[in-house]
Amino acid sequence: MYVCNCNALTEKQIREAIAKRPRDADAVYRYYDCQPQCGRCVCEVREMLKQAREAKAAA
Ligand code: FES
């Protein structure tokens, strides 16, 4: 499933980027040498980052 249609980034790709560069949403896009275009996906990427941080903190 695509999270970012503009850059053709799937949920799996976003999760991989978060695992490697969990700093912020910009780092996720830079991981794939792209940047937000329309910006619709940014909230979802931020939410995925938040969930990853919470999961890591709970571990
Ligand atoms: S859907 Fe990601 S920038 Fe447009």
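Which residues in H1 meet which residues in H3? I looked this up first, keeping in mind that the model is predicted. On the H1 side I find Glu11, Ile14, Arg15 and Ile18, and they meet Val45, Met48, Leu49 and Ala52 in H3. I sorted the residues of this contact by type and got six nonpolar, two charged and no polar.

Next entry: the geometry of that pair. I note that two packed helices are described by the angle between their axes and by the distance between those axes. For H1 and H3 I have an angle of about 50° and axes 10 Å apart. That angle makes H1 oblique to H3. I also checked the hand, and the crossing of H1 and H3 is right-handed.

Then I turned to the core. The largest nonpolar core has 15 residues. I listed the members that touch the most others: Val3, Leu9, Ile14, Ile18, Val28, Tyr29 and Val45. Which elements supply at least two residues each? I get strand S1 (2–4) and the helices H1 (11–20), H2 (25–31) and H3 (42–58). H3 gives the largest share of this core, with four residues.

Leaving out neighbours within four places in sequence, I find Ile14 in contact with Val3, Leu9, Val28, Val45 and Met48. Ile14 is also one of the H1 residues that meet H3.

Glu11 got its own entry. This residue sits in helix H1.

Ala8 has a positive phi of about 50° although it is not a glycine. I place Ala8 in the loop between S1 and strand S2 (9–10). With 40% relative accessibility, Ala8 counts as partly exposed.

Asp33 went on the list too, with a positive phi near 55° in a residue other than glycine. I find Asp33 in the loop between H2 and H3. Asp33 is exposed, at a relative accessible area of 74%.

Definitions and conventions: Residues numbered from 1 in each chain as written. Predicted model: local features only at pLDDT ≥ 70, side-chain atom pairs only at ≥ 80, totals over all residues. Heavy atoms only, no water. Core = buried A, V, L, I, M, F, W, Y, C linked by side-chain atoms within 4.5 Å. Buried < 20%, exposed > 50% of the residue type's maximum accessible area, 1.4 Å probe, protein only. Contact = heavy atoms within 4.5 Å. Axes fitted to C-alpha atoms, helices over the stretch in contact; angles between N-to-C directions. Parallel < 35°, antiparallel > 145°, perpendicular 65-115°, else oblique. Left-handed = near helix turned anticlockwise from the far one by under 90°. Nonpolar A, V, L, I, M, F, W, Y, C, P; charged D, E, K, R; others polar.
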